[in-house]
Amino acid sequence: MDSHQSSNQHTIKAPVTISGVGLHTGAHVNMTLKPATPGYGIKFQRVDLPEQPVVKADVDYVVDTARSTTLEHNGARVSTIEHIMAALVGTGVDNVHIEIDGPEIPIMDGSSSPFIQKIEEAGIAEQDAKKVWYSIDTNINYYDDSKNVEMVALPAVDYRITCLIDFNSPVLGTQHANLNSLQDFKEEVAPCRTFVFLHELEYLISNNLIKGGDINNAIVIVDKPVSDDQLASLAKVFNREKISVAAREGILNNIQLHFPNEPARHKLLDIVGDLALVGVPIKAHIIANRPGHASNVEFARKIKQYIKKNKHIKDVPVYDPNKPAIFDLPRIERTLPHRYPMLLVDKIIDLTDTQVVGIKNVTFNEHFFQGHFPNNPVMPGVLQVEALAQCGGILALNTVPDPQNYDTYFIKIDNCKFKQKVFPGDTMILKMELLSPIRRGIVEMRGTVFVGNKVVTEGDLTAQIIKTRES
């Protein structure tokens, strides 16, 4: 089944390596995409640095949007991520671990197509966990009056984008591009290359800001008269004998346009990549007027804030039995070593890199009711904490690329309080949140058990991730 039509999450079937030069740094980099578990998301790891730090592809970690989108966290800095992010969205890949031995994603030909080719070469694998889309239910607007940028997300039944560009350029004019379905991304948007105006290119070259540039990975738009000396100088920079301007289109004759509106389609490609940093797949119609990386990222921040604020109106997780589980019981059994009578989680309904929410349905048939107050069945508090611990194990193991090679052992429980009794017939909602980033395998979590909207048990649990066998 097409990964866009499936309701499940996807990763790649096998590792695949892409090598190339970074556009701005000129660094030659090797990038390896590796399969990852459901809910893992997209993370970059700088394997060339001593600590091999990891940064999640999330708008919270964007530190620079000048000329491209750059992430930084824990000492891991990775720039020009937008084209690989767009390729992952365009192929329906949700979870992948990306190792890179340099500071910038290779530019390739300036589009997403080379990345899609490699992803398809690796193969796309459907995972046994549901993909949960967030449906925008009201208009979300973003304006930047200084740059004359306007972006809006409208409620829609799927994800679609309309992009309009206008650079007040006699050559480029006004262009627009549409993406009506992610299924069209590969053919209609992915091949569209980045573009640059000649005066910008001259500035970048003179300031040594475009060290990895090649005449084949950008559309160069000439919107003012250019002298023979300038052309000769450009030919020298790009290691060509001669360069001229195609008068009809007003672009350097280095490449043929794939589409008449290729620049607008590339701007749309950038939107797909930058809005992936919301961290949640969304259903909305995005309309963008004169967008750029800075506005895309600010808009992504606004969408993420809206989702965060409205996902749980209160801090109580909402359990909707009609929605599919992120992890069902067979998936839980493949992740945790627990079995009857000690498996105390029935399903996982929410899973991110910082939080997990699980469900435990309590019935009179539980084995422990035979000996724990037989005439007044009350679920033992220690087993409620054990249920939380098992959810915490799923959260902890979801942070490593190969969870089957690790176990979690709880090493400390603090501030544990039992506020309400849990009886047969209750549905326990088990929430575990990271209190701090995981360091050296130590996982500190705040656990809360809800029945309905009441807190029944809470505590701070610390676990350690330990490798069980060599992978």
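Leaving aside its neighbours within four places in sequence, which residues is G447 in contact with?

Mentor: Happy to! This is a predicted model, so local features need pLDDT of at least 70 and side-chain atom pairs count only at pLDDT 80 or more, while totals for chains, interfaces and linings use all residues. Residues are numbered from 1 along each chain as its sequence is written, and side-chain values use heavy atoms, with hydrogens and water left out.

With those sequence neighbours set aside, G447 touches L388, K431, M432, T457, E458 and G459; contact means heavy atoms within 4.5 Å. G447 is buried, at a relative accessible area of 0%, where buried means under 20%, exposed over 50% and partly exposed in between, using a 1.4 Å probe and protein chains only.

Now for the surroundings. G447 lies in strand β25; strands are DSSP runs of E with at least two residues, helices are runs of H or I with at least four, and both are numbered from the N terminus. Strand β25 (residues 442-451) is joined by ten bridges to β26 (residues 454-467), and the two run antiparallel. Strands count as paired if DSSP finds at least two bridges between them. Along this pair, V449 stands opposite T457 and F450 opposite V455. The β25-β26 hairpin has two residues between its strands, and G452 takes a positive phi near 65° there.

Strand β26 also pairs antiparallel with β23, again through ten bridges, and F418 stands opposite T457 on that side.

Stepping back, the open sheet has six strands in the order β21-β22-β24-β25-β26-β23, with antiparallel pairing. Strands β21 (347-351) and β23 (406-418) are at the edges with a single partner each, so one side of each has no neighbour in the sheet. Neighbouring strands are turned by 25° against each other on average, direction ignored, with axes fitted to C-alpha atoms and angles running from 0 to 180 degrees between N-to-C directions.

Finally, the C-alpha atoms of G447 and A389 are 8.2 Å apart, although 58 residues separate them along the chain. Helix α9 covers residues 381-397, and 14 of its 17 residues are buried, so the rest of the structure largely encloses this helix.

Conventions: The expected span of a helix is 1.5 Å times one less than its number of residues.
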